[in-house]
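Me: I'd like to walk through this model with you, one question at a time. Shall we start with how the chain is divided up?

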Amino acid sequence: VLANADANTYVSGIGVHWYQNFIAPPSVLTTTHEKFPDRFILATEACEGTFPKETVVLGAWERLESYAKDIIENLNNWAVGWVDWNLALDEGGGPNWSENFVDSPIIVNNTNDEFYKQPMFYAMGHFSKYIPENSVRVNIEISNDTTIIGSAFVLPDGNRAVVILNQSDEEKTIVLNDAELGSLEFF
């Protein structure tokens, strides 16, 4: 569509879904950005529990890691945002008109009139809390550790934000080096 001169004028951006990320690496987003740098890329319609018999898993921290990894990879490859398929569903992963029952960041228990914030809720909250609108992504280099990934931003007020995901079970020491602000070490 974007390669067509007539259709191109009607497109502001590109929405991408995550369901089969194992087929195409996140770098495909960078390739797309390089071809059409004047169009935004928005990661849309993500959710866990998409495969049969997975649906809702209460308290699944590996799903937080999956969300965080996908968000970081998308942001590092020119996505301007990341949207979940559903913010809240019931304990069976519904309601859903297409009977595509999946997990969500908030699970509602109608029987007991309560809701549960899933780990995925906190992953999404972490990014939205620390990376406000109009932040600009900057390069981040992570050396000597393939289990650590992250994304860095200059915020509209000039401050910096770095979101890091430790994909291992080991505690890590992180040293942030900023050419202007110096170094910061934390555990």
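This is a predicted model: local features need pLDDT of at least 70, side-chain atom pairs count only at pLDDT 80 or more; totals for chains, interfaces and linings use all residues.

Me: Which residues of domain 1 lose the most area to domain 2?

Reply: Nine residues from domain 1 and eight residues from domain 2 make up the contact. Between the two domains about 900 Å² is buried, with carbon and sulfur atoms giving 63% of that area. On the domain 1 side, three residues together account for 47% of what is buried there, and they are Glu65, Ile72 and Asn76.

Me: Which element gives the most to the largest nonpolar core?

Reply: That core has 23 residues, and Tyr67, Leu75, Trp82, Phe127 and Ile131 touch the most other members. Two or more residues come from each of β2 (40-46), α3 (61-75), α4 (119-130), β8 (148-154) and β9 (160-166). Both domain 1 (1-129) and domain 2 (132-186) supply at least three residues to this core. The top contributor, with six residues, is α3.

Me: Which residues does phenylalanine 127 touch, not counting those up to four places away in sequence?

Reply: Phe127 is among the core members that touch the most others. Once residues up to four places away in sequence are set aside, its partners are Ala68, Ile71, Ile72, Leu75 and Val163.

Me: Is asparagine 96 buried or exposed?

Reply: Asparagine 96 sits in the loop between β4 (88-90) and β5 (106-109). Buried means under 20% relative accessible area. Because its relative accessibility is 13%, asparagine 96 counts as buried.

Me: Which backbone oxygen does the side chain of asparagine 96 reach?

Reply: Leaving out neighbours within four places in sequence, asparagine 96 is in contact with Trp85 and Phe101. A polar atom of its side chain also lies 2.8 Å from the backbone nitrogen of serine 98. As for the backbone oxygen, the side chain of asparagine 96 reaches, at 2.8 Å, that of asparagine 100.

Me: One last thing: what percentage of residues 134-179 is strand?

Reply: In an unreviewed entry, UniProt lists residues 134-179 as "domain: Glycosyl hydrolase family 30 beta sandwich". The end C-alpha atoms of this stretch are 22 Å apart.

Definitions and conventions:
Residues are numbered from 1 along each chain as its sequence is written. Side-chain values use heavy atoms; hydrogens and water are left out. A nonpolar core is a set of buried Ala, Val, Leu, Ile, Met, Phe, Trp, Tyr and Cys residues joined through side-chain atoms within 4.5 Å. Buried means under 20% relative accessible area, exposed over 50%, partly exposed in between (1.4 Å probe, protein chains only). Helices (H or I, at least four residues) and strands (E, at least two) are DSSP runs, numbered from the N terminus. Domain bounds come from an automatic or database domain assignment. Contact means heavy atoms within 4.5 Å. UniProt positions are given in the numbering used here, feature names are shortened, and annotations may be inferred rather than shown by experiment. A polar contact is a pair of N or O atoms within 3.5 Å; within protein, one must be able to donate a hydrogen and the other to accept it, and residues adjacent in sequence count only if both atoms are side-chain atoms. Buried area is the accessible area (1.4 Å probe) that two parts lose on being put together, summed over both.
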